[in-house]
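Please look at the sequence and the structure together, and keep both in view while reading the explanation that follows.

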Amino acid sequence: MKILIVEDEVKTGDYLRQGLTEAGFVVDLARDGLDGLHLALNGDYDLIVLDVMLPSLDGWGILQTLRRSSRETPVLFLTARDQVEDRVRGLELGADDYLVKPFAFSEFLARVRTLLRRGRGHEPEILRSANLELDLLRRRVTRCGQRIDLTAKEFALLELLLRRKGEVLPRSLIASQVWDMNFDSDTNVIEVAVRRLRVKVDDPFEPKLIRTVRGMGYVLEAMEPS
């Protein structure tokens, strides 16, 4: 899942980006209203976290432009403006939630996940292939009923493979979706990550699900649960 943060306070922006990245999300950060609007209009985001008071263009203006452009991306206002009229204005402009600073990150993350669930609508909460299950809400992976502990990046990689199971995913796509970077043929970060993921979710079990397609990328076999 990809999230855009528009926040000009350096410490707050970095804190949010780090926390969401560790929770398994791909995160872009804009520190200026116009930059944030450009990314929001041209990027493919599942959620936008938006401050109100921003350089160049405030959060109200960003949200108005988004909704006038028929962009329905969920928006969470995260701002120090705590007056009732500010909350009402944000919601009436089309925000999906409004959280006042200072805040507990645990509450912020819970609200993020709630909005993402709403945005996914009818999408399943559990992804499966054969005897492998990935629970999106609990951030839990099991195989043959056995719990498997994954890092945030391993979870994101497995989620991508499961969402597009049966499809050969090129390294460039994996790099952009999981690491939010352009693929560099000189780096082996993707190969290492896939190898570590296989050790955890494939090596101790049958059937083997993650396959390398030489010269193309990786695919997780689309197998019906037994």
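Predicted model: local features only at pLDDT ≥ 70, side-chain atom pairs only at ≥ 80, totals over all residues.

**A walk through the model**

The place of Pro 102 is in the loop between β5 and α5 (105-120), where helices (H or I, at least four residues) and strands (E, at least two) are DSSP runs, numbered from the N terminus. The peptide bond that leads from Lys 101 into Pro 102 is cis, with omega near -10°. A cis peptide bond also joins Glu 206 and Pro 207, with omega about -5°, and Pro 207 lies in the loop between α8 and β11.

Local features need pLDDT of at least 70 and side-chain atom pairs count only at pLDDT 80 or more, while totals for chains, interfaces and linings use all residues; side-chain values use heavy atoms, with hydrogens and water left out.

The buried residues are Gly 59, Trp 60, Gly 61, Ile 62, Leu 63, Leu 66 and Arg 67, and they pack against β1 (2-6), α2 (33-42), β3 (47-50), β4 (75-79), α4 (84-93) and β5 (97-100). At the start of α3, a side-chain oxygen of Asp 58 reaches to within 3.2 Å of the backbone nitrogen of Trp 60, and the helix is followed by Ser 70, whose phi is positive, near 65°.

How do α3 and α4 pack, and at what angle? Their axes, which are lines fitted to C-alpha atoms over the stretch in contact, with angles running from 0 to 180 degrees between N-to-C directions, are 9 Å apart and meet at an angle of about 20°. The two helices are therefore roughly parallel to each other, since angles under 35 degrees count as roughly parallel, over 145 as roughly antiparallel, 65 to 115 as roughly perpendicular and the rest as oblique. In this pairing, Trp 60, Leu 63, Gln 64 and Arg 67 in α3 meet Asp 86, Arg 89, Gly 90 and Leu 93 in α4, where contact means heavy atoms within 4.5 Å.

Three strands form an open sheet in the order β10-β12-β11, and the pairing is antiparallel; two strands pair if DSSP finds at least two bridges between them. β10 (169-170) and β11 (210-213) stand at the edges, each with a single partner strand, so one side of each is left without a neighbour in the sheet. Four bridges join β11 to β12 (residues 217-220): Arg 211 has Val 219 as its bridge partner in β12, and Ile 210 stands opposite Leu 220. The hairpin of these strands has three residues between them, and Gly 215 there takes a positive phi near 75°. Helix α8 (residues 189-201) lies across β11 and β12, running at about 150° to β11.

Finally, consider Ala 130, in the loop between β6 (126-129) and β7 (132-135). Phi of Ala 130 is near 55°, a positive value in a residue other than glycine, and at 9% relative accessibility Ala 130 counts as buried.

Conventions:
Residues numbered from 1 in each chain as written. Buried < 20%, exposed > 50% of the residue type's maximum accessible area, 1.4 Å probe, protein only. Polar contact = N/O pair within 3.5 Å; in protein donor to acceptor, adjacent residues only side chain to side chain.
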